[in-house]
Amino acid sequence: MTREELRRRFALYYRGNLFLGAVCAIIGLVALIIGTVVTARIQKGEFVRPEMKFAMAVAYAAFLLFIAALAIIAKPRARAHGLVCPNCGKMLGGRTEPGVVSSGRCCFCGHVLVTDV
Ligand SMILES: [Zn+2]
């Protein structure tokens, strides 16, 4: 791949990260709102409908499962975008991206990743 292709792959990967991060934030916000309402009512001694407690548990569980899923799919996603070093198998990206793009090499093992070095 060329350096420009590598740059585009990083951009596409980060766009996906942005989308997944937004979904995660929305789920987390819903869990936080429901949790705050339920907790406030319990602290005031008010009646909390069982459906509200169930909704809170589901929202928290969904948030935790989504975070776990993000961790599990991180490397397969990077691999699908061609952002895993074929030599050492480490994920390229994050703070290593500028060095990887500028040098055209894996920042961990030095393997040449681009054809236009
Ligand atoms: Zn490597």
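Mentor: A residue is called buried if 20 or more other C-beta atoms lie within 10 Å of its own, exposed if 12 or fewer, and partly exposed in between, with C-beta atoms placed from the backbone. Tyr 13 counts as buried because 20 other C-beta atoms lie within 10 Å. Before going further, note that this is a predicted model, in which local features need pLDDT of at least 70 and side-chain atom pairs count only at pLDDT 80 or more, while totals for chains, interfaces and linings use all residues. Residues are numbered from 1 along each chain as its sequence is written.

Tyr 13 sits in helix α1, which covers residues 3-44. Helices here are DSSP runs (H or I, at least four residues), strands are runs of E of at least two, and both are numbered from the N terminus. Two residues are in contact if their C-beta atoms, placed from the backbone, lie within 7 Å. Setting aside residues up to four places away in sequence, Tyr 13 touches Ala 78, His 81, Leu 83 and Gly 93. Asn 87 is 74 residues from Tyr 13 along the chain, and their C-alpha atoms are separated by 20 Å.

Two packed helices are described by the angle between their axes and the distance between the axes. The axes are lines fitted to C-alpha atoms, for helices over the stretch in contact, and the angles run from 0 to 180 degrees between N-to-C directions. Helix α1 packs with helix α2 (residues 50-80) at about 160°, and their axes are 8 Å apart. The two helices are therefore roughly antiparallel to each other, a label for angles over 145 degrees, where under 35 is roughly parallel, 65 to 115 roughly perpendicular and the rest oblique. The contact of α1 with α2 involves 19 nonpolar, three polar and two charged residues. In that count Ala, Val, Leu, Ile, Met, Phe, Trp, Tyr, Cys and Pro are nonpolar, Asp, Glu, Lys and Arg are charged, and the others, Gly among them, are polar.

Met 56 shows the pairing from the α2 side, as a residue of that helix. Met 56 is buried because it has 20 C-beta neighbours inside 10 Å. Leaving out neighbours within four places in sequence, Met 56 is in contact with Ile 34, Gly 35 and Val 38. Ile 42 is 14 residues from Met 56 along the chain, with 13 Å between their C-alpha atoms.

Leu 29 also belongs to helix α1, but Leu 29 is exposed, with 12 other C-beta atoms within 10 Å. Its C-alpha atom is separated by 9.9 Å from that of Tyr 60, 31 residues apart along the chain.

Gly 104 lies in the segment after α3 (97-103). It is partly exposed, with 17 C-beta neighbours inside 10 Å. The C-alpha atoms of Gly 104 and Arg 3 are separated by 6.5 Å, although the two residues are 101 apart along the chain.

As for the whole chain, it has three helices and zero strands. Of its 117 residues, 11% count as buried. The C-alpha atoms fill a box of roughly 65 × 20 × 20 Å along the principal axes. Among contacts with a separation of 6 or more, 49% are between residues 24 or more positions apart.
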